[in-house]
Amino acid sequence: MKLYFSSGSCGLATQIALREARQKFELVAVDFKSKTTIEGDYYKVSPKGFIPALKLDDGDTITEGVVILQWIADNNPHSELLPAFGTRARYTALEWLNFIATDLHKSFAVLFSPFVDQASKTKFAEGNLTSKFEYLETHLASNNYLMGSTFSAADGYLYNVMCWPGRVGVDISKYGAIREFMARMEKRPTVIASLKAEGLEIVKCMDGVRN
Ligand SMILES: N[C@@H](CCC(=O)N[C@@H](CS)C(=O)NCC(=O)O)C(=O)O
């Protein structure tokens with residue numbers, strides 16, 4: 001299978017999950033500006049033009065990060081990336097995935113947007129993201145991972161998006177539990193390998209967080 005990604009963006013969570021599940025995959029880099037890959041037109045792979053996309057060996061392609069994470073978890077139950085289908089815990093994990101996708105990820109998208117001026121971004125970050133960071137900080141102060149004591153696919157996604165504050169000038173240094181979570185994640189061989197495969201260094205990913 002092939003994972004279409006762009007270095008430092010939201011495909012990192014998928015890559016971490018694939019590695020946790022010990023799935024074999026190939027990485028294909030997507031150029032955001034031209035929407036091309038080494039194979040040609042990326043719109044032919046994913047008409048939405050977004051990464052991540054996971055092309056399966058039968059040619060079928062799955063898009064939408066949180067859906068891909070569920071596909072990986074359900075096709076690799078041994079990896080315990082998500083609680084079993086139908087259990088209450090599964091819905092707790094889905095709550096986290098949805099929170100990360102719709103509240104964190106897409107809030108950060110505003111801060112990366114070329115269509116929003118810097119003053120509005122600063123105001124937006126303070127007014128919109130602070131309460132979400134506080135919510136995470138409280139949860140992670142008494143839980144090593146989002147689901148409690150065990151890693152899940154949601155943690156890879158949280159790690160992925162919490163690599164971004166430093167890149168958009170948002171200081172999260174006061175959130176000690178979030179920082180500890182990030183450091184915990186960076187000890188996982190799958191996270192180390194995924195960052196390396198994207199050409200990222202841990203210190204660069206966390207830039208702005210540790211200062
Ligand atoms: N709804 C999609 C959104 C994914 C998304 O926002 N991808 C961004 C990178 S993090 C992207 O591909 N951006 C390309 C662009 O803006 O040109 C998902 O959740 O997977």
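I started with Arg22, which counts as exposed at 75% relative accessibility. For the record, exposed means over 50% relative accessible area, buried under 20%, and partly exposed in between (1.4 Å probe, protein chains only).

A note on the source: this is a predicted model, where local features need pLDDT of at least 70, side-chain atom pairs count only at pLDDT 80 or more, and totals for chains, interfaces and linings use all residues. Residues are numbered from 1 along each chain as its sequence is written, and side-chain values use heavy atoms, with hydrogens and water left out.

**Positive phi**

I checked the backbone of Arg22 next. Its phi is near 55 degrees, a positive value in a residue other than glycine. Arg22 sits in the loop between helix H1 (12-20) and strand E2 (26-29). Helices (H or I, at least four residues) and strands (E, at least two) are DSSP runs, numbered from the N terminus.

I found another positive phi at Glu80, near 50 degrees, again in a residue other than glycine. Glu80 belongs to the loop between helix H2 (65-75) and helix H3 (88-112). Is Glu80 buried or exposed? Glu80 is exposed, at 61% relative accessible area.

**Pro52**

I then looked at the peptide bond from Ile51 to Pro52. This bond is cis, with omega near 0 degrees. Pro52 lies in the loop between strand E4 (40-41) and strand E5 (53-55). Pro52 is buried, with a relative accessible area of 5%.

**Ligand site**

Which residues are around the ligand? I listed Ser9, Cys10, Phe32, Lys35, Phe50, Ile51, Pro52, Glu64, Gly65, His105 and Lys106. The shell divides into 5 nonpolar, 3 polar and 3 charged residues. Here Ala, Val, Leu, Ile, Met, Phe, Trp, Tyr, Cys and Pro count as nonpolar, Asp, Glu, Lys and Arg as charged, and the others, Gly among them, as polar.

I looked up distances to ligand oxygen atoms. A polar side-chain atom of Lys35 is 2.6 Å from one. A backbone N or O atom of Gly65 is at 2.8 Å. A polar side-chain atom of His105 is at 3.4 Å. The protein covers 77% of the 510 Å² of accessible area that the ligand has on its own (Shrake-Rupley method, 1.4 Å probe).

Conventions. A residue is near a molecule or strand if one of its heavy atoms lies within 4 Å of it. A polar contact is a pair of N or O atoms within 3.5 Å; within protein, one must be able to donate a hydrogen and the other to accept it, and residues adjacent in sequence count only if both atoms are side-chain atoms.
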